[in-house]
Amino acid sequence: MRRFLLRLAFTVALPAVLLAVWWAASDSSTDVYWPPLRTILKTFPDVWTAERLRTDALPSVLRLAGGYATAAVAGVALGTVIGSYRRVRAVCEPVLEFLRAVPPPVLIPVIMLFAGIGDTMKVVVIASGCVWPVLLNTVEGVRAVDSVMAETARSYGITGAARLRHVVLRSASPQIFAGLRQALSIGIILMVISEMFAASSGLGFTVVQFQRGFAIPDMWTGILVLGLLGFLLSVVFQLVERRALGWYHGLRDSTRRSR
Amino acid sequence: MKGVNSALGAAGLAAFLALGEAVPRLGLVKEAYFPPTSRIAEALGNELADAAFWTALGDTLTGWAVGLAVAACAGIVVGVVVSVVPYLREATASTIEFLRPIPSVALIPLAVLLYGNELRSVLLLVVYASFWQVLIQTMYGVQDVDPVADETARSYGLGPWARIRYVLWPTALPYVMTGLRLAAAVALILTITAELVIGSPGLGARIAIAQSSQAVPDMYALIVVTGVLGLLINVGARSVERRALAWHQSVRGEVMV
Amino acid sequence: MLDVRGLKKVYEGSGRRVEAVRDLTFTVDAGELVCLVGPSGCGKTTLLKCMGGLLAPTAGQVLLEGREVTGPPPGTAFVFQEYGRSLFPWMRVGQNVELPLKQMDFSKAERREAVADALRSVGLTDAAEAYPWQLSGGMQQRVAIARALAYQPRVLLMDEPFAAVDAQTRADLEDLVRRLWRERGITILFVTHDIDEAVYLGERVIVLSASPTVVREQLKVDLPDERDQLHTRVAPRFAELRTRVYEQIQAAKRGAPVVAESAGKDLSPPH
């Protein structure tokens, strides 16, 4: 019980202090750009009504989900093919290294050319940015299957689809998840930017509208919402990852302990 | 073996460029949206001949370098302090876990208000995003210090500064290098993004101008430039890493972030 | 059962040419337990992998029941030295043992029975739900053996399986292998660098030369079938055999020429 309380104290202490400092420091603020925290929090429920959450937050999240899912599937599929055949990998490598080095936001103007400014554009933008970490990490994970494990599978006649499913992809999954994690951060960035650049709805769009209309406390609430979204998605990801890679964490802990 | 791979790679690249030339010309995609490779190359040549391009490149590199440097120093210092001082790591864990996933682009409106399209708004975004990369990796690195090595050092009478220098730093260095490499890539992305969206001077702003004036081949040419820039940064970071860690049998893969 | 004829393996790569195995010829009868010993680096693992169809020989043949081995033949199971890397860490013990069975014609119930039976044979009935990395080294190797057993192989190839395990556990595992061999009549080929282990376990010991490898000598181990760690190892005959093998290995390391008359020939009374 005592340990739990101690951990709770640690978790809450610094954030509480920081919030208190923010509150106190900004309370008497007359600076337009730094409204009092009290005002921001008061404005929050007025701005983010259920209505607005439905018309702005939901589309944003859906676009992100669409782009991310597309990138994940495409990245893993292509990555598996490229990683499995040495020759294919050698052929693709320079091109892939170049394409992945292009900062994804730069593609927004290009994609806007043929995809317009609607939802398709945003999903394509998000997918085009998210696919690279997934693809490259999948290639790496598939390539680096342990040789003893591969020989074991071969000696027991485990080949083809069964090998892919039971051995290769499971073995590569920690690496793939690392790629999925990076892709999530990029996806959120692209979601926000594509909406700031050209949109008629969405979180990014809303925040920029507030900024342009000089509704500063509203803008701050928007920033908080984006922060919360990032945090929530990160938590969800960690939960999923912990379930899928429970074996990996257990394995690492046991090797670390025996060191 | 290596020669064969390089040849295959070159063939892949050539095939890619050839496709880029053939596909628009064959009418499979609209030429207005996907100019053929040759047209892009031509636009690239024009860009390279334009003095304004080089100014923009310089602006981008400045924003990237300054932002990265600030983030690196801050990240390393905070990372070491938080990991070494007792209880500080537990106390800051929740704050870091909350602040870290906040997309730096959420700060764009704030940056616009505060600094308009000066360098400082770019730096705000770049520093915020890159800082976390360095911090997290530094913390992993410091935590990875072998307690046995530390005890040994202490038993030989090495004080805290000496221990940091001879035990902690060499252990943490590979992680710090990884963090710097990741931060360098992120810094470039955010620099270009800030320029693109806010309009601060740089390559990103140039792309935005090309887009609004419908100069499509120019847009592609500038994108190629950013890609090459990103490539050079990646390769450069990796070679710095290898040089700095030449003494270190680092088979460490990227720690899952 | 197993027929190795003139096996030769040359590794070529990055400008170097290494002749690991020069000429290996020997046979293994059905149901025999044969141990292969040799100095370090003499290609024991290469030989075993060629016999298991995991490596293609440069020359020569491996025949399993009269048919040439060109890939991992069904009915042959392999136990590797590195159990940590051979067992799949994302599967529980029971799932690991079950995996090779999934592609054979068994019903789910039959599979479960086979897994339970295999785990029982190696003394790990309660471990089915654990993950391999939660177990000790010796237990992990038992899981690997159980996996091989569930596969119901006719031939079991074991590549220095107990090298990475502590001495006391090794003794238990050696007895386990002998017991399983006697119970199931599997043909076992056991590679080891431990001379005592080779003599203790085997019906026959094949001593290999240093690289490039040929057969130096074959010894019949005429110890009683009932062996145990305590008594067998102090038996005078054990010491004699052990000394003989040791001498051969030392000679092999020195590069002394193989004595032609005893090489490839069974130093045993005719069957």
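These legends describe close-up views of a predicted model.

**View 1. The contact between chain A and chain B.** Chain A brings 46 residues to this contact, and chain B brings 45 residues. On the side of chain A that touches chain B, six helices of chain A each supply at least two residues: H1 (2–27), H4 (86–101), H5 (107–115), H8, H9 (203–212) and H10 (216–244). H4(A) gives the most to this side, with ten residues. By class, the side of chain A that touches chain B holds 37 nonpolar, five polar and four charged residues.

**View 2. H4(A) crossing H1(B).** Helix H1 of chain B spans residues 2–25. The axes of H4(A) and H1(B) come within 7 Å. They cross at roughly 55 degrees. The crossing is right-handed. From H4(A), the residues that meet H1(B) are A:Arg87, A:Ala90, A:Val91, A:Cys92, A:Glu93, A:Pro94 and A:Val95. Their counterparts in H1(B) are B:Asn5, B:Leu8, B:Gly9, B:Ala11, B:Gly12, B:Leu13 and B:Phe16. The contact of H4(A) with H1(B) has nine nonpolar, three polar and two charged residues.

**View 3. H5(A) and its surroundings.** Four residues of H5(A) are buried: A:Leu107, A:Ile108, A:Pro109 and A:Ile111. The buried residues of H5(A) pack against helices of two chains. From chain A come helix H6 (119–143) and H8. From chain B come helix H9 (203–212) and helix H10 (216–244). Just after H5(A), A:Gly116 adopts a positive phi of about 75 degrees.

**View 4. H8(B) against H9(B).** Helix H8 of chain B covers residues 160–198. Its axis and that of H9(B) come within 6 Å and cross at roughly 40 degrees. H8(B) and H9(B) are therefore oblique to each other. Their crossing is right-handed. H8(B) makes the contact through B:Ile192, B:Thr193, B:Ala194, B:Glu195 and B:Leu196. H9(B) answers with B:Leu203, B:Gly204, B:Ala205, B:Ile207 and B:Ala208. Sorted by class, the contact of H8(B) with H9(B) has seven nonpolar, two polar and one charged residues.

**View 5. The contact between chain A and chain C.** Here chain A contributes 17 residues and chain C contributes 19 residues. Three helices of chain A give two or more residues to the side of chain A that touches chain C: H7 (147–155), H8 (160–197) and H11 (246–257). H7(A) gives the most to this side, with six residues. The side of chain A that touches chain C divides into seven nonpolar, six polar and four charged residues.

**View 6. Strand pairing around S2(C).** Strand S1 (residues 2–13) and strand S2 (residues 16–28) of chain C run antiparallel, joined by nine bridges. In this pairing, C:Lys9 stands opposite C:Val21 in S2(C). The hairpin of S1(C) and S2(C) has two residues between the strands. There C:Ser14 takes a positive phi near 40 degrees. S2(C) also pairs with strand S10 (residues 213–220) of chain C, through two bridges. These two strands, S2(C) and S10(C), run parallel. The bridge partner of C:Val21 in S10(C) is C:Thr213.

Key. Residues numbered from 1 in each chain as written. Chains lettered and ligands numbered in written order. Predicted model: local features only at pLDDT ≥ 70, side-chain atom pairs only at ≥ 80, totals over all residues. Contact = placed C-beta atoms within 7 Å. Nonpolar A, V, L, I, M, F, W, Y, C, P; charged D, E, K, R; others polar. Buried ≥ 20, exposed ≤ 12 C-beta atoms within 10 Å, placed from the backbone. Axes fitted to C-alpha atoms, helices over the stretch in contact; angles between N-to-C directions. Parallel < 35°, antiparallel > 145°, perpendicular 65-115°, else oblique. Left-handed = near helix turned anticlockwise from the far one by under 90°. Pairing = 2+ DSSP bridges.
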